[in-house]
Amino acid sequence: MVVEESSVKFYHFFSLLFIPCLFLRSENKLLKVPAYIFEYFAGITVISILLFLVYPFNRLIINHLFAFYAFIIGYYIAGAVPREQIMNVLQKAALLVFIIIVGKLLFHIPEIKRFMKAPDGHPDIYTLYGGGTNLEATWLGLNTALFSNRKRLFYLLLVVTLTVSVIYASRVGVVIAFLVAGFKFISATTSRQERRAIITLGLLSLLAFVFFIDLDNLAEKVYALQRFAEFGDSSDKGMAGRFAMWRYYGTALWESKLLGYGAGNGIYAVESVSGIDYIEDNLHNLYMQLLIEFGFIGLFLYLITVYNISIKALKSRLSNPIAIILLVYFIASLIQFRGTDALIWLYMGIFLAIESNKVKLAAHDQ
């Protein structure tokens with residue numbers, strides 16, 4: 001039996017154009033991929049191959065390998081190209097994405113009006129990112145972090161992200177926007193004067209809400225606020241779907257003896273135990289997903305990666321905008337993602353290469 005989960009997309013073929021870039025030589029000699037990255041991907045590949053002898057083969061393992069390829073591209077290009085050029089390209093690409101998504105909304109005005117009159121779930125809007133409106137709002141928020149060193153543009157795009165998230169009725173989009181803003185606030189790129197201005201504006205906004213705004217009335221008019229108010233109750237369809245899967249998660253995990261079921265077989269495992277066919281293709285919690293697919297060994301290897309990258313991000317005082325993206329991603333993984341996000345692994349490669357170059361340059365100067 002083969003579980004069909006993966007499909008080859010245009011960007012998979014497009015990525016092949018970057019193969020020559022892997023032969024670019026870094027000014028600081030060829031960078032060596034961190035051992036914990038190689039161990040994670042080698043580990044989940046071997047684990048999956050062994051588990052596929054018992055459980056259905058799932059082509060999602062190819063997506064995991066492609067994520068590793070994306071990491072390699074980012075790592076070696078960032079090792080050979082100046083940081084300023086890389087950030088410039090990433091920011092231009094992110095701006096193009098913002099323009100396309102905002103422009104796309106103009107073509108969906110009738111659907112937006114219909115949704116505002118009778119809101120339920122999310123509006124039926126074509127999304128640039130796969131996974132629906134929630135993930136599109138998520139990626140908008142993450143892309144906003146790329147501009148944390150460009151003050152005016154950052155706050156403009158933050159407002160755009162919040163606006164789109166409200167239109168999409170995406171709670172996670174709003175939460176990620178505030179997480180990005182919070183990390184931006186404590187980053188080394190934010191001046192003391194800017195922090196004071198933010199605190200002052202925040203206090204004034206809080207006072208305005210307390211004394212001049214009727215929150216109950218506002219919540220009735222803004223569906224996105226209603227979704228926050230209904231979090232976890234019987235009317236919360238989003239969490240209800242998650243709870244319906246998570247209810248059988250422990251049983252499925254225990255039946256695997258904590259060894260997992262192989263890449264992409266998380267939903268298959270829960271469906272086998274529950275006897276229910278779920279419309280979701282992942283568990284909406286990356287850490288739970290990794291544990292049930294690769295067992296405690298696979299999750300442990302991933303947590304080592306999360307730990308190492310988080311430490312480097314915090315040591316850099318979040319001066320690298322990509323550090324904010326990665327930290328927010330690790331937090332948001334508690335409610336979505338399934339580990340095959342090639343763009344995130346590309347960011348990881350770029351970030352680690354930049355940080356490695358900084359260490360080498362500091363050692364050379366000494």
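Buried here means under 20% relative accessible area, exposed over 50%, and partly exposed in between (1.4 Å probe, protein chains only). Everything shown is a predicted model, in which local features need pLDDT of at least 70 and side-chain atom pairs count only at pLDDT 80 or more, while totals for chains, interfaces and linings use all residues. Residues are numbered from 1 along each chain as its sequence is written, and side-chain values use heavy atoms, with hydrogens and water left out.

**View 1. The whole protein, before zooming in.** The protein has 17 helices and two strands; helices (H or I, at least four residues) and strands (E, at least two) are DSSP runs, numbered from the N terminus. Of its 366 residues, 49% count as buried. Among contacts (heavy atoms within 4.5 Å) between residues at least 6 apart in sequence, 75% join residues at least 24 apart.

**View 2. Helix 6, residues 133–144.** Eleven of the twelve residues in helix 6 are buried. Follow them along the helix: T133, L135, E136, A137, T138, W139, L140, G141, L142, N143 and T144.

**View 3. Helix 3, residues 60–80.** Here, too, the helix is mostly covered, with 17 of 21 residues buried. From first C-alpha to last, helix 3 reaches 31 Å, close to the expected 30 Å.

**View 4. A nonpolar patch on the surface.** Look for W254, L258, L259, F296 and I297, which together have about 530 Å² of accessible area. Such areas come from the Shrake-Rupley method with a 1.4 Å probe, and for residues only the protein chains shown count as cover. Patch residues have over 30% relative accessible area and no salt bridge; like charges are joined within 9 Å, nonpolar side chains (Val, Leu, Ile, Met, Phe, Trp, Tyr) within 5 Å. A salt bridge is a side-chain nitrogen of Lys or Arg within 4 Å of a carboxyl oxygen of Asp or Glu. W254 lies in helix 13 and is exposed, at 63% relative accessible area.

View 5. At 33% relative accessibility, L258 is partly exposed. R317 counts as exposed, at 55% relative accessibility.

Definitions and conventions
Expected span 1.5 Å × (residues − 1).
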